[in-house]
Amino acid sequence: MTFQPLDNGRTLVRINEYGWPESEAGLRSCFGNCEGWAGMLCAMKAWLEHGINLRDGFYK
């Protein structure tokens, strides 16, 4: 995971993963993991900008 500041005050986030099997199941797993990262980044944004913990109780 890398964070790069942009000129407009925003941050570019890059997440690199590898090792997924080159199969239908591997592709589904890869895309599912991508959805998880998107949710985590939204939660991070809510926490950083507003102090709201979107994941509170998520794993109960």
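1. Strands here are DSSP runs of E with at least two residues, helices are runs of H or I with at least four, and both are numbered from the N terminus.

2. Please keep in mind that this is a predicted model, where local features need pLDDT of at least 70, side-chain atom pairs count only at pLDDT 80 or more, and totals for chains, interfaces and linings use all residues. Residues are numbered from 1 along each chain as its sequence is written, and side-chain values use heavy atoms, without hydrogens and water.

3. Two strands pair if DSSP finds at least two bridges between them. Five residues lie between the strands, and Gly9 in this hairpin has a positive phi near 85 degrees.

4. Next, the largest pocket, with a volume of about 370 Å³. A pocket is an open set of points on a 1 Å grid over the protein atoms alone, where a 1.4 Å probe fits, with protein on both sides within 12 Å along at least five of seven lines; lining residues have an atom within 4 Å of a point. The volume is the space filled by probe spheres set on the points, which are joined across faces, edges and corners.

5. Which element gives the largest share of this lining? Helix α1 does, with six residues. Gly9 and Thr11 are among the lining residues.

6. The second largest pocket has a volume of about 180 Å³. Its lining includes Trp20 and Trp37, and α1 supplies the largest share, five residues.
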